[in-house]
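Hi everyone, thanks for coming. I'd like to walk you through one structure today, so please have a look at it on the screen before I start.

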Amino acid sequence: MIALVWRELRRAWSSGGLVFPVAFFLLVAILFPFAVGPDGRLLARIGGGVIWAAALLAALLPVERLVAPDAESGVLDQLVVRGHSDAEIAAAKMLGHWLGFGPALLVASCVAAALLQVPGAVLGTILLALAIGTPGLAALGVATAALVAGLRGAGALAGLVMLPFAVPLLIFGAGASAGAPGALKLLAAISLVLVAGCPFVAGAAMRMGRG
Amino acid sequence: MNPGLAFDDVTCLRGGRILFEGLRFALGPGEAGLVLGPNGVGKSSLIRIAAGLLAPLGGRVTGSGARALLAEAAALDAERTLANALAFWAGLDGRRGAVAEALAAVGLAEIAAVPVRLLSTGQRRRAAFARVLASGAPVWLLDEPANGLDSASIAMLEARIAEHRAAGGIALIATHQPIALPGAQAIAL
């Protein structure tokens, strides 16, 4: 299991999987001040929501390389022959995917928060909410990747599949960032459901793909 | 426990079509099965069923001992060196030390430090076979192992399979190219 997680992390690093989502995340965050104008109060108010929307898009970016290359190159087959269950493989991919972009995203959020003039006290809540919510995003990403693996136009399809399911994370994540009471707990609940359920969804999808 | 692999009345359905039905055979220690038949008759499906990757429509596959699969895809990370890519799998099998020996056995020891993406078709095939060797599994499932190999490499392949059988291993081989397998059980589809 550790070897699988490590392999995922290594693949994320070697394919620029760390740099691209973080750069993309920062770029989206930078676009907003240009789009809505340099009004500091307004930016500070929408800052939390912007950071969450940007995080969502950044998590979507590496989805295509999470499962499809391994299904194609026979890596999944070899793992199954060695007695690893599909859910276990998916769980390892989720952990590796999160380690690849989660912590880096937290660091980048500090930069984004500064660009959006989000006050320091709010930044703490945003970071906490991201730390709770990004594992859910990673889980959703791997499940989506497994579902669309091998299909034509997988990248665009991944967005259509993943984004609706990410709406609860976005609502409670942005809500928690805005200081709504109880939002953090609901965010944690949603994230937990995704982390617990997605390995089985992704595992079933990979099993079907082998068919 | 002795390794074994047995098909009992196995039926395979692919894409709404019955590829083969009522297939029976049993392989014991030192035995080999040679799956023969024209393209598209279900040779690869048979290997995948034996590997547990495909569920048969009917019948049972029983066996004991770890299985090692050589399929069409090499399953080696393209950007890593040959030795490292093989070491990942050998590590999962708990036999990291077996990589160098396996590479030498397939004649790829000199290019162990070359990235997998630079290998030729035949070299890639031999590299995938090295993974089977390094796994130490008693049951080998080889799908077209001679594809892309030159005659010297095919001789190497035959020698390795003979050694494996002499040591009590089992080999189930699907091929459309002639491979010398003395005393092998022919499984015609």
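**Starting from one leucine**

Leaving out residues up to four places away in sequence, Leu106(A) touches Leu127(A), Leu130(A) and Ala131(A). By touching, or being in contact, I mean that two C-beta atoms, placed from the backbone, lie within 7 Å.

Quick housekeeping: this is a predicted model, where local features need pLDDT of at least 70, side-chain atom pairs count only at pLDDT 80 or more, and totals for chains, interfaces and linings use all residues. Residues are numbered from 1 along each chain as its sequence is written, while chains are lettered from A and ligands numbered from 1 in the order in which they are written.

Back to our leucine. Leu106(A) sits in helix α6 of chain A, residues 86-115. Helices here are DSSP runs of H or I with at least four residues, strands are runs of E with at least two, and both are numbered from the N terminus. Is Leu106(A) buried, partly exposed or exposed? It has 16 other C-beta atoms within 10 Å, so it counts as partly exposed. The cut-offs are 20 or more for buried, 12 or fewer for exposed, and partly exposed in between, again with C-beta atoms placed from the backbone and counted within 10 Å. Also, Leu106(A) and Thr125(A) are 19 residues apart in sequence and 12 Å apart in space, C-alpha to C-alpha.

Now zoom out to chain A. You'll find 9 helices and 0 strands there. Its radius of gyration is 17 Å, close to the 17 Å from the globule rule for 211 residues, so chain A is as compact as a globular protein of that length. That radius is taken over C-alpha atoms, and the rule is 2.2 Å times the number of residues to the power 0.38. Buried residues make up 47% of chain A. Of the contacts in chain A with a separation of 6 or more, 82% join residues 24 or more positions apart.

And chain B? It has 5 helices and 8 strands, running β-β-β-α-β-β-α-α-α-β-α-β-β from the N terminus. With 189 residues, chain B has a radius of gyration of 16 Å, close to the 16 Å of the globule rule, so this chain too is as compact as a globular protein of its length. In chain B, 45% of the residues are buried.

Where do the chains meet? In all, 13 residues of chain A are in contact with 15 residues of chain B. On the chain A side, α1 and α5 each give two or more residues, and α5(A) has the largest share with 5.

One helix I really like is α2 of chain B, residues 82-92. Why call it largely enclosed by the rest of the structure? Because 8 of its 11 residues are buried, among them Leu86(B), Phe88(B) and Trp89(B). The buried residues of α2(B) pack against α1 and α5 of chain A, together with α3 and α4 of chain B. Just after this helix, Gly94(B) takes a positive phi of about 70°.

Last stop, the largest nonpolar core, which has 128 residues. Such a core is a set of buried Ala, Val, Leu, Ile, Met, Phe, Trp, Tyr and Cys residues joined through C-beta atoms within 7 Å. Ala55(A), Val142(A), Ala146(A) and Leu86(B) have the most contacts inside it. Helix α7 of chain A, residues 120-148, gives the most to this core, with 15 residues.
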